Amino acid sequence: MSELKQSKYIDITTDYGFKKVFGSDTNKDLLIAFLNELFRGRKIIADLYYNKNEHVGDTEDIGTVIFDLTCTADNGERFIIEVQRTAQDNLKKRMLYYSSKLIADQAPKDNRRAWNYGISEVYIIVLMDGFAMPDAGDEKYFLHDICLCYRDHGKIFYDDLGFIYVELVNFVKAEAELVNDLDRWLYVLKNMSSLNGLSTYLRKPIFEKLFQLAEYSKLKPEEREMYNVSLRNKWDAESIRSSQEEQLKRAREKAMAEGKAEGKAEGKAEGKAEVIKNLLSSNKFSISEIAELADVTVEFVKQIEAEKAKGK
């Protein structure tokens, strides 16, 4: 395979780049530093261990990087983190499944009474590169820090299961706007392959090591080949995703026009029911998107969905 025209530094959001930077004991200080910034003081990881079951995802998922980590905090606490760099269908449900598996795998085969459900804390961290959080609407948050809480007043119900989604498409700060190390990490993750060197805004020992590690010229020939393949795979995935998003946009515009026209013609909620059924049958839209397209409530869409399931 011919070598691609390269920038000075590799793209560390590719599968190869992500593994090279974060996936080895030699460089685990980089992953520890990044994770500590994501926890924003709630946890301070002193050490971590890469568990052998690195790929706990479905076997058919190609181009998915998953690190299953056992972490030790500075106070001696131990907890489990799964780090993913992936774009997947049913993202939220998959992350819930992965977290449930990490919890279930802790149960001993015997003597569960003595174990008494002594479950370690579990966190799922997802690096979202080039795609948005499902059902995010107009929100432009680049960090989604999620836990189980009461619906009515927001008080935390269970603090030992958490999900952190990093939505890089929404991180738009320039170098001069970086105010903390979390900003610096996200800036580097998003822009590494377009940078020419370590600027004064990034001049810290941890980033100096990162930049040295990510120099393309220091890769061995076989490493360059693996990186080039990984980079092409990323470009292909982005092209496919862009095409799908454009198709979805056109379908949404068409559905919105049809929904408004039919609603106007009928003048009743029943007039939109068929449009909603068609949108549900397409399997291209979430419940909230259908509600927006048809200009109805989410509850009404769910009602139509239930009726459709019963064959009405």
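Which residues does Gln-106 touch, not counting residues up to four places away in sequence? They are Ile-80, Trp-115, Gly-118, Ile-119, Ser-120 and Val-122, where contact means heavy atoms within 4.5 Å. This is a predicted model, in which local features need pLDDT of at least 70 and side-chain atom pairs count only at pLDDT 80 or more, while totals for chains, interfaces and linings use all residues. Residues are numbered from 1 along each chain as its sequence is written, and side-chain values use heavy atoms, with hydrogens and water left out.

Gln-106 sits in the loop between helix 3 (91-104) and helix 4 (112-115). Helices (H or I, at least four residues) and strands (E, at least two) are DSSP runs, numbered from the N terminus. With a relative accessible area of 19%, Gln-106 is buried; buried means under 20%, exposed over 50% and partly exposed in between, with a 1.4 Å probe and protein chains only.

Strand 2 (residues 65-73) pairs with strand 3 (residues 78-85) in the antiparallel sense over 8 bridges, and Val-65 stands opposite Arg-85 in strand 3.

The axes of helix 5 (residues 181-191) and helix 6 (residues 205-213) come within 12 Å and cross at roughly 10°, which means that the two helices are roughly parallel, a term for angles under 35 degrees. Helix 5 contributes Asp-181, Arg-184, Trp-185 and Val-188 to the contact, and helix 6 contributes Ile-206, Phe-207, Leu-210 and Phe-211.

Ser-7 lies in the segment before helix 1 (15-22) and is partly exposed, at a relative accessible area of 28%. A polar atom of the Ser-7 side chain lies 2.8 Å from the backbone oxygen of Tyr-9 and one lies 2.6 Å from the backbone oxygen of Ser-193. Ser-7 and Ser-217 are 210 residues apart in sequence but 9.5 Å apart in space, C-alpha to C-alpha.

Methods
A polar contact is a pair of N or O atoms within 3.5 Å; within protein, one must be able to donate a hydrogen and the other to accept it, and residues adjacent in sequence count only if both atoms are side-chain atoms. Axes are lines fitted to C-alpha atoms, for helices over the stretch in contact, and angles run from 0 to 180 degrees between N-to-C directions. Angles under 35 degrees count as roughly parallel, over 145 as roughly antiparallel, 65 to 115 as roughly perpendicular and the rest as oblique. Two strands pair if DSSP finds at least two bridges between them.
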